[in-house]
Amino acid sequence: MDPISPLEQALHAARALVLADLVAGRVAEADVVSLVEAAVAGRRWWVEQWPEGAGFVAGLVAQDVQDALLERYGRWPLCPVCGSGDPHALEVEPELGPDPRWVCHRAGVVVAPVGSLGAALGGPPPS
Ligand SMILES: [Zn+2]
């Protein structure tokens, strides 16, 4: 008798999606995971104030983690599409909306949905 609320589901899903993309980029180290936890915790308050925004949380958490990584770690995720030129990060679109995707603005392409970056990066790492 204590069903998981849609809000908790959204936060849990956001955490899982962003972690999947971090694993795909092989940056899911302990301190990076804690960045995701902090981003999810930060958005919990936001979505509690605005439950209609539950579907937007994954994209917001992805952007929060991206910002946090930029300060500590560097650009993430690096664009896997453009073979030449300066390395650059993908961006989340829409910035505030459902079904967030990683896009490369330089090439003007959608690279992958948030949570599915592994496929765009060439599948799981060799074991
Ligand atoms: Zn690119």
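**Helix packing, core and backbone features**

Leu69 sits in helix H3; helices here are DSSP runs of H or I with at least four residues, strands are runs of E with at least two, and both are numbered from the N terminus. The model is predicted, so local features need pLDDT of at least 70 and side-chain atom pairs count only at pLDDT 80 or more, while totals for chains, interfaces and linings use all residues. Residues are numbered from 1 along each chain as its sequence is written, and side-chain values use heavy atoms, with hydrogens and water left out.

**Residues of H3**

- Leu69 is buried, with a relative accessible area of 0% (buried means under 20% relative accessible area, exposed over 50%, partly exposed in between, with a 1.4 Å probe and protein chains only).
- Apart from neighbours within four places in sequence, Leu69 contacts Leu22, Val32, Leu35, Gly74 and Trp76, where contact means heavy atoms within 4.5 Å.
- Leu69 and Pro94 are 25 residues apart along the chain, and their C-alpha atoms are separated by 20 Å.
- Val65 touches Val18, Leu22, Leu35, Val36, Ala39 and Trp76, again not counting residues up to four places away in sequence.
- Gln63 also lies in helix H3 and is buried, at a relative accessible area of 16%.
- With residues up to four places away in sequence left out, Gln63 touches Val92, Pro94 and Glu95.

**Packing of H1 on H3**

- Helix H1 (residues 6-24) packs against helix H3 (residues 57-72) at an angle of about 45°, with the axes 8 Å apart; axes are lines fitted to C-alpha atoms, for helices over the stretch in contact, and angles run from 0 to 180 degrees between N-to-C directions.
- That angle makes H1 oblique to H3 (under 35 degrees is roughly parallel, over 145 roughly antiparallel, 65 to 115 roughly perpendicular, and the rest oblique).
- H1 contributes Ala10, Leu11, Ala14, Leu17, Val18 and Leu22 to the contact, and H3 contributes Val57, Ala58, Val61, Ala62, Val65 and Leu69.
- The residues of this contact are twelve nonpolar, no polar and no charged; Ala, Val, Leu, Ile, Met, Phe, Trp, Tyr, Cys and Pro count as nonpolar, Asp, Glu, Lys and Arg as charged, and the others, Gly among them, as polar.

**Packing of H2 on H3**

- The axes of H2 and H3 come within 9 Å and cross at roughly 135°, and the two helices are therefore oblique to each other.
- The crossing of H2 and H3 is right-handed.
- Residues making the contact include Asp31, Arg43 and Trp46 of H2 and Asp64, Ala68 and Arg72 of H3.
- The residues of the contact of H2 with H3 comprise 13 nonpolar, no polar and four charged.

**Nonpolar core**

- The largest nonpolar core has 32 residues, and Val18, Leu22, Val61, Val65, Trp76 and Trp102 have the most contacts inside it; such a core is a set of buried Ala, Val, Leu, Ile, Met, Phe, Trp, Tyr and Cys residues joined through side-chain atoms within 4.5 Å.
- H1, helix H2 (30-49), H3, strand S2 (101-104) and strand S3 (109-113) each give two or more residues to this core.

**Backbone in the loops**

- Most residues other than glycine have a negative phi, and most peptide bonds are trans.
- The Trp76 to Pro77 peptide bond is cis, with omega near -15°, and Pro77 lies in the loop between H3 and strand S1 (91-93).
- Glu93 and Pro94 are joined by a cis peptide bond with omega about -10°; Pro94 lies in the loop between S1 and S2.
- Asp99, in the loop between S1 and S2, has a positive phi near 50° and counts as exposed at 59% relative accessibility.

Conventions: A crossing is left-handed if the near helix is turned anticlockwise from the far one by less than a right angle, and right-handed if clockwise.
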